[in-house]
Amino acid sequence: TYTAEKTDAVIAFGATVPGRILPVDVSNGGLVCQKGAFLCAETSVELRTAFTKKLSAGFFGGEGFILQELSGRGMAFLEVDGGLVEKELAPGEILKVDTGNVFAFEKSVRYEIETVKGIKNVLFGGEGIFLTKLTGPGKVYLQTMNMAEFVGEIAKGIPSSK
């Protein structure tokens, strides 16, 4: 817990990787976020670990197993990797997204991990074998940078001793 004790004191927090910091008011029902998205919040905001309903999501879906749930009242600040895309889903509207690009969503949004259909898609699609299926209603936040994939691409360019 940090408290500014002098009149003109400022407490600042920065992002770990290139991206932005998203201020959100969790007073209207809260949010579910990817692990590591939480940066800081007012003391009236509660942060707890949330698990998906399917154990296999964590073993096979990457970011899917452990999530963070924000509730209570007040402002929270979340760390977005890369750019941010916001989408409001209508009731029953479905959005399928690469798992690493799902950043956060309102608690009213249903969340599932599903496998990509078809062996050609799995082998040649380039997106992996799992997608996140988000079903409205509610707001969904997507990040444009998947850090795991980004690090993997950088690692490919690092010379090795082999």
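**Exercise 1. Contacts and burial across the chain**

Task: Among contacts in the protein chain between residues at least 6 apart in sequence, what share joins residues at least 24 apart?

Solution: The share is 77%, where a contact means heavy atoms within 4.5 Å. Before going on, please note that this is a predicted model, in which local features need pLDDT of at least 70, side-chain atom pairs count only at pLDDT 80 or more, and totals for chains, interfaces and linings use all residues. Residues are numbered from 1 along each chain as its sequence is written, and side-chain values use heavy atoms, with hydrogens and water left out.

Next, take burial: 37% of the 162 residues in the protein chain are buried (buried is under 20% relative accessible area, exposed over 50%, partly exposed in between, with a 1.4 Å probe and protein chains only). The chain exposes about 10,000 Å², and carbon and sulfur atoms supply 57% of that area (Shrake-Rupley method, 1.4 Å probe; for residues, only the protein chains shown count as cover).

**Exercise 2. The open sheet**

Task: In what order do the three strands of the open sheet run?

Solution: Start with the inventory, which is three helices and 12 strands (DSSP runs numbered from the N terminus: helices are H or I with at least four residues, strands E with at least two). The order in this open sheet is S1-S6-S3, with antiparallel pairing (two strands pair if DSSP finds at least two bridges between them). S1 (19-25) and S3 (38-41) are the edge strands, each pairing on one side only. From one strand to the next, the twist averages 25 degrees (axes are lines fitted to C-alpha atoms, for helices over the stretch in contact, and angles run from 0 to 180 degrees between N-to-C directions).

Now zoom in on one pair: S1 and S6 (residues 75-81) are joined by seven bridges in the antiparallel sense. Within S6, Ala76 is the residue opposite Val24.

**Exercise 3. Salt bridges**

Task: How many salt bridges does the structure hold, and which residues are linked with Glu69 in a network?

Solution: The structure holds six salt bridges (a side-chain nitrogen of Lys or Arg within 4 Å of a carboxyl oxygen of Asp or Glu). One of them joins Glu69 and Lys107 at 3.0 Å, N to O. Glu69 belongs to strand S5 (residues 66-72) and Lys107 to the loop between S9 (102-106) and S10 (110-115), so this pair ties together parts 38 residues apart in sequence. Glu69 is buried at 13% relative accessibility, while Lys107, at 34%, is partly exposed.

Another bridge brings Glu114 and Lys96 together at 2.8 Å, N to O. Glu114 sits in S10 and Lys96 in S8 (residues 94-98), so here the tied parts are 18 residues apart in sequence. Glu114 is buried at 17%, and Lys96 is partly exposed at 47%.

**Exercise 4. A cis peptide bond and a surface patch**

Solution: Pro137 is in the loop between S11 (130-135) and S12 (138-143). The peptide bond leading from Gly136 to Pro137 is cis, with omega near 25 degrees. In general, most peptide bonds are trans.

The patch is made by Phe150, Val151, Ile154 and Ile158 (patch residues have over 30% relative accessible area and no salt bridge; like charges are joined within 9 Å, nonpolar side chains (Val, Leu, Ile, Met, Phe, Trp, Tyr) within 5 Å). Ile158 lies in the segment after helix H3 (147-156) and counts as exposed because its relative accessibility is 53%.
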